[in-house]
Amino acid sequence: LYQSDPAGNYSSWKAACIGENFSNAQSILKQEYKDEDSEETGPNAPKIVGTQMTMDDALKLTCQVLSKTIDTAKLSSKKLEFATITLKDGKPHIHVYTADEIDEVLKTYESVIKPAETQ
């Protein structure tokens with residue numbers, strides 16, 4: 001993802017967020033985001049295998065980040081919008097989730113969603 005600020009400066013991220021409480025969300029993403037690339041480089045650097053995030057992993061992390069950064073008692077499709085971008089047959093495919101799909105994602109990952117009063 002590429003992010004630019006109003007001055008035109010840009011940066012690239014493998015996981016990013018913007019908006020209110022973005023610094024808390026970025027902190028969680030830095031700790032929890034899994035990538036297949038090793039942080040070390042070179043011929044003798046260890047290779048991390050099998051740690052690339054799946055779509056399910058990404059949705060779970062999304063729920064975790066939102067539950068810890070949004071000022072609401074309960075996450076619901078009334079206050080959220082989800083979309084994913086994937087490759088299908090080598091072409092970008094954008095899926096915008098319906099309210100029912102968002103509620104299903106939230107129900108699936110409710111174990112990582114904590115009520116606001118316990119945060």
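1. A polar contact is a pair of N or O atoms within 3.5 Å; within protein, one must be able to donate a hydrogen and the other to accept it, and residues adjacent in sequence count only if both atoms are side-chain atoms. In this predicted model, local features need pLDDT of at least 70 and side-chain atom pairs pLDDT 80 or more, while totals for chains, interfaces and linings use all residues. Numbering runs from 1 along each chain as its sequence is written, and side-chain values use heavy atoms, without hydrogens and water.

2. Ser67 is found in helix H2 (helices are DSSP runs of H or I, at least four residues, and strands runs of E, at least two, numbered from the N terminus). Its side chain reaches the backbone oxygen of Val112 at 3.5 Å.

3. Thr98 sits in the loop between strand S4 (91–96) and helix H3 (99–108). Thr98 is partly exposed, at 42% relative accessible area. Its C-alpha atom is 8.4 Å from that of Ser77, 21 residues apart along the chain.

4. By class, the lining of the largest pocket has 22 nonpolar, nine polar and four charged residues (Ala, Val, Leu, Ile, Met, Phe, Trp, Tyr, Cys and Pro count as nonpolar, Asp, Glu, Lys and Arg as charged, the others, Gly among them, as polar).

Technical notes. Buried < 20%, exposed > 50% of the residue type's maximum accessible area, 1.4 Å probe, protein only.
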